[in-house]
Amino acid sequence: MSNDDLDNRIEKERPTLSAEEKAAVLRVIEAKVAAPTPSPYAAFIHSRTKTMTGVLVALVVIVGTTGTVAASNDAKPGDLLFPIERAAERVQLAFAGEAREAELRAQFSAERLAELREIISEETESTEAEVAASSSASTSASVTVRESGEERIAKAVTAVLDSLEDFDDRDIRVQILTELQADIDKVKIAGRSETTTNVQTEDNTRVEIKDDRIEVRDDGFRLRIDDDGDVRVQVREQDAQGSKAGVQAEESVSTNFGDHDDDYEDKWEEEYEDEDEWEFEDEEEWEDDDDDHRGRDHDEDDSDDDTEWNGSIKKFEVRVEGLKAEVRVEYGSKKLEYNTVYTTKAALIAEVALRTGLTSAELESELDLEID
Amino acid sequence: MESIEIKALVNHAVADTSQGFAALYEHTVDRVFSFVAFRTNSHEDAREVTQDVFIELYKSLPRFTYQSDAAFYSFLFTIVRRQLAAYYAKTKKHETAELQEEWHGSAESAVEQNCSVTQALETLDDVSREIVVLHHWSRFTFAEIGTIINMKESAVRVRHHRARAALASILNA
């Protein structure tokens, strides 16, 4: 066999693709590289989660609520595992459909509320054990908690309020807030009967517990629950710098449970909407507690302190008769009348300020003093 | 002449994969298929492996810089070998001998119309067989084969010469 013959024979058996086959293969290749099928896991990771932690939590949740996540379900605000519980809940929310999401949010809010109650009862028990004698004398339904429990309670309150964020169902929102108020109403801090309680929680949320109301606020959120059944919520969205110019959306939700005039709510909203600053009459106290935070966006002009309720005081009359004084204050749609033993101007104003939440300065400017 | 062509094709494909890749495919698909067909069980399998090779090439091209034709073919045949290995793993044909046995007895093989050359090839050692296939079916020069299988060109020539002699004697018998 010659070399050429051999070459021809080898050539004859050369495996080849027909032109059609080549074109078909090219089409398949182009289709595959143009629209690569991503791994289903990769798709899952990219679309659903932002952080590795999220992925891990999601996996644990998917595999089954075991171990840490299950344990964290019992965690209460302030506990080490509490953030994991929250993360697990967020994952559940991310996977839930719309209807299920609302259901879950309600469930989580209820859990937060239950946790708050647990914390209150935990702190109460120990207090009662310590001061059994004095508390047994108390006939009111209120519970006295240890001073050290105050922060835990404040955190729990914040957690309840956090759980209501992005929560559209107004009825449930109102219900939770009402219950929250009822719970907080019962709480008395040991050794502090008439004082205001200011708590600064980790995330700049301040919780203020007073005899007649509780106020919670942070940079973008403000809630006030009054003892007469008013729940007022104001939500602000601010840009990263927290500047006022960056206010993008402001939404006020006012809920009136009591038997107040309807215009009360409107009034409140007006006042708050027009406000540049969120200030309370005892802003000075905040300042002492926390200069840094405050300087940021709450208070750029201190002189403004006394303007919050300005104009809302309709009447502030005091009639002093001998050793007693009769006080009549009308502000907003509220009316306050009482007799007191304080007869000096400063003491009267201080007392009214404490009872109404109005500032001393504005009270003083409105004071109509009558001495018999 | 061809060198310029491959260089242009590769650079075009790297710069503009959507346009340039088809041209590069047209130019190289026969070489790949001929080589792959000899190593797979059926024409269909060969088509599929060829397809996978070019998908891999498409993905790898952005990382490739043209230096020489031989370097490109070496790059291409690294992919071919990898895809063949994946194919063997999939069809559980790790051993070439086993593969050949199966292939040999298989009626499915599209390249067995006239098995004599193929049968004769099987009597050769792996390297010689590969050199013959690369040279005759995939149309590579000895220099290119040297780069692809990592051998000196002279050694490839010697091996090829001996392989031809062996094939001739078998086919004449």
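Contact means heavy atoms within 4.5 Å. By that criterion, residues 24 or more positions apart account for 63% of the contacts in chain B with a separation of 6 or more. The model is predicted: local features need pLDDT of at least 70, side-chain atom pairs count only at pLDDT 80 or more, and totals for chains, interfaces and linings use all residues. Residues are numbered from 1 along each chain as its sequence is written, chains are lettered from A and ligands numbered from 1 in the order in which they are written, and side-chain values use heavy atoms, with hydrogens and water left out.

**Chain B overall**

- Chain B has nine helices and zero strands, where helices (H or I, at least four residues) and strands (E, at least two) are DSSP runs numbered from the N terminus.
- Of the 173 residues in chain B, 50% are buried; buried means under 20% relative accessible area, exposed over 50%, and partly exposed in between (1.4 Å probe, protein chains only).

**Helix pair α3(B) and α4(B)**

- Two packed helices are described by the angle between their axes and the distance between the axes.
- Helix α3 (residues 43-60) and helix α4 (residues 69-91) of chain B pack at about 130°, with their axes 9 Å apart; axes are lines fitted to C-alpha atoms, for helices over the stretch in contact, and angles run from 0 to 180 degrees between N-to-C directions.
- α3(B) and α4(B) are therefore oblique to each other (angles under 35 degrees count as roughly parallel, over 145 as roughly antiparallel, 65 to 115 as roughly perpendicular and the rest as oblique).
- The residues of the contact of α3(B) with α4(B) divide into 10 nonpolar, two polar and six charged; Ala, Val, Leu, Ile, Met, Phe, Trp, Tyr, Cys and Pro count as nonpolar, Asp, Glu, Lys and Arg as charged, and the others, Gly among them, as polar.
- Among the residues that meet are B:Val49, B:Val53 and B:Leu57 in α3(B), and B:Phe72, B:Leu76 and B:Ile79 in α4(B).

**Sheet of chain A**

- Four strands form an open sheet in the order β11-β10-β9-β12 of chain A, with mixed pairing; two strands pair if DSSP finds at least two bridges between them.
- The edge strands are β11 and β12 (368-371) of chain A, each of which pairs on one side only.
- From one strand to the next the twist averages 10°.
- Helix α14 (residues 345-356) of chain A packs on the sheet and touches β9, β10, β11 and β12 of chain A, its direction making about 135° with that of β11(A).
- Strand β9 (residues 313-321) of chain A runs parallel to β12(A), joined by four bridges, and A:Arg319 stands opposite A:Glu370 in β12(A).
- Strand β10 (residues 324-331) of chain A pairs with β11(A) in the antiparallel sense over seven bridges, with A:Tyr331 opposite A:Lys334.
- Two residues lie between the strands in the hairpin of β10(A) and β11(A), where A:Gly332 takes a positive phi near 55°.

- A:Ala353 is in helix α14 of chain A and counts as buried at 9% relative accessibility.
- Not counting residues up to four places away in sequence, A:Ala353 touches A:Leu358, A:Ser360 and A:Leu363.
- A:Glu89 is in helix α6 (residues 82-95) of chain A and is buried, with a relative accessible area of 5%.
- With residues up to four places away in sequence not counted, A:Glu89 touches A:Phe108, A:Glu111 and A:Arg112.
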